[in-house]
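I opened my notebook to look up a few things in this structure. Come along and check each entry against the picture.

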Amino acid sequence: MTAMLKEGPGWRLGWDEERATFKALVGGENWALELTLEEFLDLRRLARQLADTIAAMATELMPDERITCEQETQHLWIEAEGFHHSYSLRFIVLNGRSCEGTWPPATVPEVLHSLEHINVF
C-alpha cells in the first residue's frame, strides 16, 4: 500500500508515495494542504523537537506560564504556543505557496503521535 490517511477530530495526515511532487497531506478542522517530501519531513522533525523542548522546560515553568517556541528551516517555520501541558502548533510553508496551518491544543498530542507513525518511504 502506498497511500494512507490518518485522522481524528480536528486533524488529518495523509501520505501517497505515488504522487510526483506533493506526497503529503496535512489538515485541520477547516483547512488542508499538500506538502512535498522535504516539507513534510521538516514538519515532522521540527514538531518533535518543539515537543521535546517544551517537555524539557516544564520543570522550569510556573503552572500558568505561557510559552512560545519556534523553529525554522528553508522549507517551513513552525511555532508551539501555550502551556507546557497544552499548546497549539502553527506552521507556515516558506517555498512561495503562501500557505499555513494550525492545530489547536486539543489535537496536538494526536497529531504528534501520528506524525511519528505515518509511513514515509
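Entry 1: I started with a definition: buried means under 20% relative accessible area, exposed over 50%, and partly exposed in between, using a 1.4 Å probe and protein chains only. This is a predicted model, where local features need pLDDT of at least 70 and side-chain atom pairs count only at pLDDT 80 or more, while totals for chains, interfaces and linings use all residues. Residues are numbered from 1 along each chain as its sequence is written, and side-chain values use heavy atoms, with hydrogens and water left out.

I looked up Cys-99 and found a relative accessible area of 15%, so Cys-99 is buried. Cys-69 has 12%, so Cys-69 is buried as well. I then searched for disulfides (a pair of cysteine sulfur atoms within 2.5 Å) and found zero in the structure.

**Entry 2: two helices.** My helices (H or I, at least four residues) and strands (E, at least two) are DSSP runs, numbered from the N terminus. Two packed helices are described by the angle between their axes and the distance between the axes. Here, helix 1 (residues 37–57) packs on helix 2 (residues 108–117) at an angle of about 130 degrees, and their axes are 10 Å apart. The axes are lines fitted to C-alpha atoms, for helices over the stretch in contact, and angles run from 0 to 180 degrees between N-to-C directions.

I checked what to call that angle: under 35 degrees is roughly parallel, over 145 roughly antiparallel, 65 to 115 roughly perpendicular, and the rest oblique. Helix 1 and helix 2 are therefore oblique to each other.

Next I listed who meets whom, with contact meaning heavy atoms within 4.5 Å. Helix 1 brings Phe-40, Leu-43, Arg-44, Ala-47, Arg-48 and Ala-51, and helix 2 brings Leu-112, Leu-115 and Glu-116.

**Entry 3: inside helix 2.** Which residues of helix 2 are buried? I noted Val-108, Val-111, Leu-112, Ser-114 and Leu-115. Their cover includes strand 1 (3–8), strand 2 (11–16), helix 1, strand 7 (86–93) and strand 8 (100–103).

Entry 4: Is Ser-114 buried or exposed? Its relative accessible area is 7%, so Ser-114 is buried. Leaving out residues up to four places away in sequence, Ser-114 touches Lys-6, Trp-11 and Leu-13.

Ser-98 sits in the loop between strand 7 and strand 8. With a relative accessible area of 72%, Ser-98 is exposed. I also noted its phi, near 50 degrees, a positive value in a residue other than glycine. Most residues other than glycine have a negative phi.
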